[in-house]
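Welcome! Take a look around first, and then follow the points below.

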Amino acid sequence: MSRSGWEVVVGLETHTQLRTRSKVFSGASTAFGAAPNTQACAVDIALPGTLPVLNRAAVEHAIRFGLAVDAAINRRSVFARKNYFYPDLPKGYQISQYELPIVQGGELRIALEAGEKRVRLTRAHLEEDAGKSLHEDFHGMTGIDLNRAGTPLLEIVSEPDLRSAAEAVAYARALHALVVWIGICDGNMQEGSFRCDANVSVRRAGDARLGTRCEIKNLNSFRFLERAIEFEARRQIELLEEGGAVAQETRLYDPERDETRPMRTKEEAHDYRYFPDPDLMPLVVGEELIERLRADMPELPEARRKRFEREYALSQYESSLLTQSRAWADFFEALIKQLGGLQKLAASWMLGELSAALNRGGIDIEASPIDAERLAGLLKRVHDNTISGRAAKDVFEAMWNDRLEADAVIDARGLQQISDAGAIEKLVDEVLAANRRQVEDYRSGKERAFNALVGQVMKASRGKASPAQVNAVLRRRLARNE
Amino acid sequence: MSSLLNATLAELGAELAAKRVSSVELTRACLERIAALNAGLNAFITVDEARALADARRADERRGRGEAAALTGIPIAHKDIFCTRGMLTTCGSRMLANFVSPYDAHVIEQFDACGAVLLGKCNMDEFAMGSSSETSYYGPVRSPWDRGLVPGGSSGGSAVAVAGRMAPAATGTDTGGSIRQPAALTGVCGLKPTYGLVSRYGLVAFASSFDQAGPIAKSAADLAALMNVMAGFDARDSTSLERPKEDYARDLNPDLATLRIGLPKEYFGEGIEPGVRRAVEEAVRWFEAQGARAVPVELPNTELAVPVYYVLAPAEASSNLSRFDGVRYGHRAAQYADLADMYARTRAEGFGAEVKRRILVGTYVLSHGYYDAYYLQAQKLRRLVARDFAAAFERCDVIAGPTSPATAFAIGSKVDDPVQMYLNDIFTIPAPLAGLPALSIPCGFDGKGLPVGLQLTGPHFSEARLLGIAHRYQQASDWHLRVPSETPL
């Protein structure tokens, strides 16, 4: 994307909807999808005389995030009012944190093709979401739905450390995985639980100063994020190459036309008149709370991936896929616990059959019809050679479709491998007798003929013979008859 | 009935307990008095007789069951700033002239729970912004001492309801003096509690870090009884203080011999009317005669209090009043071209001049480039004012002075001179800047026969002490029992 001679500089502001039952300053439910204005209480619709009361669960989530990115947790932070008029902003101000956010600093490591990159975080602060303006549904009017008003958000601000749309997406994906991993966000991007504003500027390669930036608002998919940054960078580079100048402004990305369009210029920018909200005392966070949350923190994706590599001798590729989410990693560890090891076998089945089946069905691993215990039941039979790998795939399919146990499928279909040496030798002898031509070919050096003979034996066993055993017996017999 | 209307809450409580009078009879007497006087005084915006009488009947039944509490059956008038379910709650503004609240303020709930009767909703300066009760959309409140005069404000309707003997007691709110100054100007008692003692839940906000609800009544003992109902922790207000429940009437007869009364020289300087000075000094002399010691103290930042207040309170108000945008409730302009025009016309029509002035001032002092010079600077000075008090309370137990530098002034005489109007608050503004409790009780009359208020300010949580000191004074004086000349019983 980036043209030679230009560097793209991106910083992201990510609005992460915190997973709490009630809103950040009221007791109304945060559940998604209710009929308009049915989840807006007196506080949310800003009736005269109503007051905000801070939701402790939201504070704890913010602290969890701070701990996860190694940030400073400010022991005292302050809620401020951001004043502006808009119909879906009921109080005429948004309660946010301005000068003193709860989380300051920290970093997120992202994996890039070129290796790991550390993206510095500026801050993360608590704030409330606004409602929704519904412009389409009413002719000549605008509808207001305040169900979302007061939903807790953690706005996570990165430093301008990202150098391409691809890096921005890698950062956003890593951040998304992290907030879901630590349980503070449901990660549902369609429902708006994770949305990014991108600050984009360009500069000549080697220039130390940052160019004038534009902010692209409300990008709610990784694809839109990537496309918007790519478009915006190209637009700015073309503008500068033609001798123009970038105007600092807020822009909107239009996915239909794949372009960004100006929303408001710097001159039109609001003066938000921030000041400390006198309805809320400064937020004081005690050491005990931080320590309790620290003790309860799950092992983080990064650490778990590295441990998987180390402890289970997995490749970096395998371990990063197995730690794509906490549910995947938990599944894997539950599986190898059941198997008493066999991590390579477990990894290859999870990343092979299981992953493919989940993808086909569009199912999350949490909802997998085959859980770790039942998959272990199958893999035990693979490991002890009760069934062949080929048969195992059929058993998996039957388990998946009919929710059966592995042993039940194996018994019902009679899929146990023939491991009785005498029986296999008998089959081999019969096949050798019936296929003189292939035996000759093999002896004249055509290795392929051997495989055909194995296939014949397997066919004769109706798949129940162990291929390894058939191999060994065949080699022995062919050598002896020589 | 006339003696009932002039009775204190304790006396009314005794009458009700002895069943010599019912709450229905008492309520009816108040309603009749309101019907006779309100057209002239304009103290009430809403009086719902049916509701009041229903409350009274319920109170009588409750008493019949032997479940009466201290204020069961007592009619109370509420400032129209407290949200009242199913009732108009206007805040004295056209903006809320159609607003029927779907919920009760904490203060309303508290009175409801103890079985008090909701007599009506009192007129006030629009959104509590004013010192004369002239800025109401419903017209000015008039003084029962002289209908050409203001009753003070912003809780002028509540003060007049009590002074005119239309209600035995009332609630008000005090941001920069809105309980104490009208109490002083109408010859009744008013207490502004320590910030955080009374929940602000359901109190339509003017300046959140100052607003505090409090009682207005005929005597200090009555104020204590009302405080026992109003005060208490409420989780719905994050600035509500979590403290054990206290009895504000526990110390009504304190020993005055050990009392040190601080007299700030700044409260007795120039600009105080001679009649006011004389009455206040006489009251101080009475305390000295009881053995109290008058101690000169200094509150050097007193003159900064007014400018500091008139930066901070409008700043908060400009933001608090943003919710009145015509979108969800309240007034909305009938005609508008687009969204910006809807906002502009709605607010231009819905707010009066004083409210607009303060929104403009507040918006200005919070604006980019002015915030540091005005808002932040004022916050620093606010702390200095608080420090002055802390230093003074090292040397004295209470600070005494006039509540207002002057007695009531003529309606219309200061409306075009906001600075003169604001200076009226010079002695009432410092306490809320520091979050301190302060009360005003009548201490005499000036040469024109108008009531003068004595203000007592104490350290945080010293309400019971202040009320006790005031009660002792009222045991020896009858200023607080004088019925206004224009509204004889």
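Which residue in β8(B) is the bridge partner of Leu263(B)? That partner is Pro296(B). Please keep in mind as you read on that this is a predicted model.

- Leu263(B) and its partner Pro296(B) belong to a pairing between strand β7 (residues 260-264) of chain B and strand β8 (residues 293-297) of chain B.
- β7(B) and β8(B) run in the parallel sense, and 5 bridges join them.
- As background, strands of a sheet pair through backbone hydrogen bonds, in either a parallel or an antiparallel way.

**Chain B as a whole**

- Chain B contains 16 helices and 11 strands.
- Along the principal axes, the C-alpha atoms of chain B fill a box of roughly 65 × 55 × 45 Å.
- Why can chain B be described as agreeing with a compact globule? Because a compact globule of 489 residues would have a radius of gyration near 23 Å, and the 21 Å of chain B agrees with that.
- Buried residues account for 61% of the 489 residues in chain B.
- Among the contacts in chain B with a separation of 6 or more, 76% join residues 24 or more positions apart.

- Chain A has an open sheet of 3 strands in the order β5-β4-β16, with antiparallel pairing.
- At the edges are β5 (93-97) and β16 (275-276) of chain A, each of which pairs on one side only.
- Strand β4 of chain A, residues 79-83, is joined to β16(A) by 2 bridges, and these two strands run antiparallel.

**Domains of chain A**

- Chain A is divided into domain 1 (6-290), domain 2 (299-413) and domain 3 (421-481).
- Between domain 2 and domain 3 of chain A, the C-alpha centres are 33 Å apart.

**Where the chains meet**

- How many residues does each chain bring to the contact? Chain A gives 25 residues and chain B gives 33 residues.
- On the side of chain A that touches chain B, there are 17 nonpolar, 3 polar and 5 charged residues.

How values were computed
Residues are numbered from 1 along each chain as its sequence is written. Chains are lettered from A and ligands numbered from 1 in the order in which they are written. This is a predicted model: local features need pLDDT of at least 70, side-chain atom pairs count only at pLDDT 80 or more; totals for chains, interfaces and linings use all residues. Two strands pair if DSSP finds at least two bridges between them. Helices (H or I, at least four residues) and strands (E, at least two) are DSSP runs, numbered from the N terminus. Two residues are in contact if their C-beta atoms, placed from the backbone, lie within 7 Å. Ala, Val, Leu, Ile, Met, Phe, Trp, Tyr, Cys and Pro count as nonpolar, Asp, Glu, Lys and Arg as charged, and the others, Gly among them, as polar. Domain bounds come from an automatic or database domain assignment. The radius of gyration is taken over C-alpha atoms; the globule rule is 2.2 Å times the number of residues to the power 0.38. A residue is buried if 20 or more other C-beta atoms lie within 10 Å of its own, exposed if 12 or fewer, and partly exposed in between; C-beta atoms are placed from the backbone.
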